[in-house]
Amino acid sequence: MEFEVALAAVRVEIDRRLDGQLVVPSGFLDEHLREHSQVRSLLDDKTRIRLVRHLETIYGTQQGTGHILKGDFKEWYPARKSNIEFYYWRRLQVYWMRFSDLPVRSIRSQDAVTDEILGLLGDPHEESDWRRRGLVMGHVQSGKTTNYSALITKAADAGYRIIIVLAGLTNSLRFQTQQRLDETFVGRPSVEDSTVNRLYPVATALRGVEGENQVIRQPYCGTTQRSDFNTGAIGTAGAVEGTFQDPILFVTKKHEKVLERLADWLGGLRHGMPLEGPMLLIDDEADNASINTAKDPEQITRINERIRNLLACCRRTSYVGYTATPFANIFIDPDTDDAMLNEDLFPRHFIKSLDPPDTYIGARDLFVSSGRLHEVCIRQIPQDYHDLLPLKHKSGHEVTELPPSLIAAVREYMLTRALRWLDDAGHHNSAMLINVSRFNNVQQQIHDEVYRLLVATREAIDAWARSPSWEKSELLRNLKATWDEEYADTTPWSWDDVRVVLAKATASIDPRLVNMRGGGIDYTKAPDSGLHIIAIGGLALSRGLTLQGLTVSYVLRNVGAADTLLQMGRWFGYRPGFESLCRIHATGDMIADFEAISDAVEELRDDLVRMEKIGRTPNDFGLKVRQSPTGIAITAKNKMLSASPHPVSIDLSCKHLQGFEVFNDAECFRKNYEAAGEFVDGVESDPACRYSDEHGALVWTGVSARRVLELLRGFRSPRLEFVVIDGEHSLVLDYIADRANGELATWDVALPYKHSNFIDGSKLPLPFINGSGRYCRQRFNGTSSSRSSGIVKFTEKNVVAEPAPWDLIYGEDPKRLERVADGLRDRASGGEKPSKERAYLMTRNRPLLVLHAVEYRLDSRRSEDILLDLPEGMPAVTLSLAFPATEVAPTPRIYAASVRFRKLLKAANEEADGEGDDEVIDADD
């Protein structure tokens, strides 16, 4: 019995037995095939095993609903959902459930997630003007198109009438996207030829569910698979005075002329007056050519301007960016006000992070050294390409021959075709990717060389592969050598099994240019034996394009941007049943960069989860991404206008870092108090920490850097050095972490107190520890900060600690510190003489953390308009850090800073030097 026929029959049986149940019991699928299936007698063991594996993917895959940041907005969709007459979404859902390989839980996840997203878009029944802006973060090759296909169908059902999808920069990607939406939303091929009456399966998916006589509905297509938007072909598209009765779909490239034509056409429908819409604009790969990238913030790049003009065509619009590398979107300045071109594309209303299914293969699976597929799949390209295909070359570079490593990679692909044939999967689409140049001329030469290689190898296969004398052929010996190196020990098949099917398995391999010249790949026209291509290209292979069944990749590129590098990973995604056959050939630098970039992306996703938990919005300060240590840009330079990657390090050698400012917010006061209390409890219970009461302070020595870092992560301060941007990193946290296993491994900690000399007779008991006669220090001369009305200072100066040497002696011998510090000052001359504070810092052997629990008041003479929001009876808690000299040079870290973070940096650099100020260093100096 044919596999696909058996699969379709068994799925109907299983769906009937499960009756909506999501959890499939262990062993259920195998038991059904053995004992209950009506076709069980027609299945041999091999087919049954294949069916079980395939069905496990469909019914056993897990997928969550992700995480979201959003502002205050009354979601309209939940209340109206039951009143919407779903048609486009219902037929897509039925099609997915009955006729696709999408896992059941993935379909449920898409349903829930798109409900959530739709509810955050504008209500199409709301008559007043509105604009909504959002971003959806997926993973490379994880199914973002699937998600926005579902969103589009629901939006059309809910009342959106103008739907525009910006499908990247290339013709091939636009074609692929148009085709996908034809298959999921339109229901027929969008072609100019009116004689084409073919329907896609989604169009008839409701038949048998809703009745055979149901009228098939279709949206109007303003673009086709063959051509982008063209005013000569569209007419009025059924618009009556600029109002569309049915949804109209446009799938366009991000080309300024195309977008200009579309905006002009829409704008002309009502003679320059805004249309009713509503419009949904989906910006696929939204960080690519969609951002305000002009060097002058008042000048807007042409494509960004065209997108804004499109949105200005309607008075009710929703913009949703989709991307797997959202760095640049996050850093569009949310405060920019371009009145002429409407607001920018910053996702101010929501950012949704999608969870991939658990079958997804991502960067951490492949490129992290401990990843489950790293050893199996990753191959470092040897130094055999420098003379033949140098990383840096010009468009006129002449390709005389292929590097041996590329030739071997082509042989790998040929072998995987044979292995898939032996696994009865030879008819499934498959691909090899070759991305070694951005120039069409060079790509053409590579194509020609690969074609010659294929012809010669297939001739040898036809002549020798089935012969017992195959070893007489050099090309067969080369294939055998590749087999021995890559697959002999990882598959159940032998070389003799492989070589006898090589001819059939490799006959249909077709080298194909995928670029502006070569066009796209039409999988709907694949023969029954499948499409098996070696895709050769550059940009078109680096963004969005899906190569079905991608097995072997060979990449030689000098990439300078993290998002570009990550998007080159066409190999991410799903490889059911053949993941162990896949090979990725890349340079050592690129492999290392991928590992670093995957960490950066995951950090960003972790940031979003943490921010979601505390109720942050997309506009809040915090989405900051660190660049990889190998120096690749976090995104292309022309896209970082409002968040340029900025190398920053902080030199804390012999510095006294003081938290002399605090947020004037009861919750922040409480959080800092609780964090300090938990810290003291931990130190008190740690047998490694030694306790003493000396020099007016409770002192612990032997405190680990881990405990200090944990305290700092939970400490809230407006001071730049303490700002924890992503839950894990700040300037001071990174500085300590860099030395946590060395010179800053062990800390002294002090909690100073008072016995007498209280102002106004007020006494506040020292918190965190039992004991009578110890009271909080007093700071009654607090002031408001000039930086913000929501920030207050503990004193009128930029200090909270007592003057040197008092709060710098704890944990060490005060007499030794005094003797050495005085000696340093005495031996110095003129301007080289260190201050007393610096001399003590230069003398200390260990770092010191001082917890300041103070009875705190504002000086009414200086802060008469400020009301202190400190809970009654609670001391204000802050801290100071005394760092000894370091032998470790400051480590520059490149932070792609949001607008707010850069303003904070600028303010820090502009501050006049004062007591205890820390030096923020530009790493480029």
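The buried residues of helix 26 are covered by, among others, strand 19 (656-658), helix 25 (814-827) and strand 27 (876-882); cover here is a matter of contact, meaning heavy atoms within 4.5 Å. Helices (H or I, at least four residues) and strands (E, at least two) are DSSP runs numbered from the N terminus. Helix 26 spans residues 836-843, and its buried residues are Ala 839, Tyr 840, Leu 841 and Thr 843. Buried means under 20% relative accessible area, exposed over 50%, and partly exposed in between, with a 1.4 Å probe and protein chains only.

The model is predicted: local features need pLDDT of at least 70 and side-chain atom pairs pLDDT 80 or more, while totals for chains, interfaces and linings use all residues. Residues are numbered from 1 along each chain as its sequence is written, and side-chain values use heavy atoms, without hydrogens or water.

Cys 654 has a phi near 60°, which is positive in a residue other than glycine. Cys 654 is also buried, because its relative accessible area is 6%. The peptide bond from Ala 804 to Pro 805 is cis, with omega near 10°.

Each of these two features has a counterpart elsewhere. Phe 768, which is not a glycine, has a positive phi of about 80°. It sits in the loop between strand 23 (746-752) and strand 24 (777-784). Phe 768 counts as buried because its relative accessible area is 18%. The bond from Gly 277 to Pro 278 is cis as well, with omega near -10°. Pro 278 belongs to the loop between helix 10 (256-268) and strand 8 (279-284).

With a disulfide taken as two cysteine sulfur atoms within 2.5 Å, the count is 0. Cys 377 is in no disulfide, and the nearest cysteine sulfur, that of Cys 582, lies 5.7 Å away. Cys 377 is buried at a relative accessible area of 1%.

The hydrophobic packing of the model can be followed through its cores. A nonpolar core is a set of buried Ala, Val, Leu, Ile, Met, Phe, Trp, Tyr and Cys residues joined through side-chain atoms within 4.5 Å. The largest one has 75 residues, and Met 432, Ile 446, Ile 534 and Leu 547 touch the most other members. Helix 15 (residues 404-422) supplies the largest share of this core, 9 residues. Apart from this core lies another of 47 residues, which includes Tyr 77, Ala 150, Val 202 and Leu 354. Ile 534 is in contact with Val 410, Tyr 413, Met 432, Ile 434, Val 450, Leu 454, Ile 509, Asp 510, Pro 511 and Arg 512, leaving aside neighbours within four places in sequence.

Helix 15 also packs against helix 17 (residues 474-486): their axes come within 9 Å and cross at roughly 75°. Helix 15 and helix 17 are therefore roughly perpendicular to each other. On the helix 15 side the contact is made by Ala 408, Arg 411, Glu 412, Leu 415 and Leu 419, and on the helix 17 side by Asn 478, Leu 479, Thr 482, Trp 483 and Glu 486. Axes are lines fitted to C-alpha atoms, for helices over the stretch in contact, with angles from 0 to 180 degrees between N-to-C directions; under 35 degrees is roughly parallel, over 145 roughly antiparallel, 65 to 115 roughly perpendicular, and the rest oblique.

Two loop residues on either side of strand 4 (220-221) complete the tour. Leu 206 is in the loop between helix 8 (171-186) and strand 4, and is buried at 3% relative accessibility. Its C-alpha atom is 9.6 Å from that of Gln 93, although the two are 113 residues apart along the chain. Thr 223 is in the loop between strand 4 and helix 9 (231-234) and is buried at 1% relative accessible area. Beyond four places in sequence, Thr 223 touches residues including Arg 174, Ser 190, Asp 228 and Leu 249. The side chain of Thr 223 also reaches the backbone nitrogen of Val 251 at 2.9 Å.

For the protein overall, the secondary structure comes to 27 helices and 29 strands, and buried residues make up 58% of the 925 residues. Of the contacts between residues at least 6 apart in sequence, 79% join residues at least 24 apart.

Technical notes
Polar contact = N/O pair within 3.5 Å; in protein donor to acceptor, adjacent residues only side chain to side chain.
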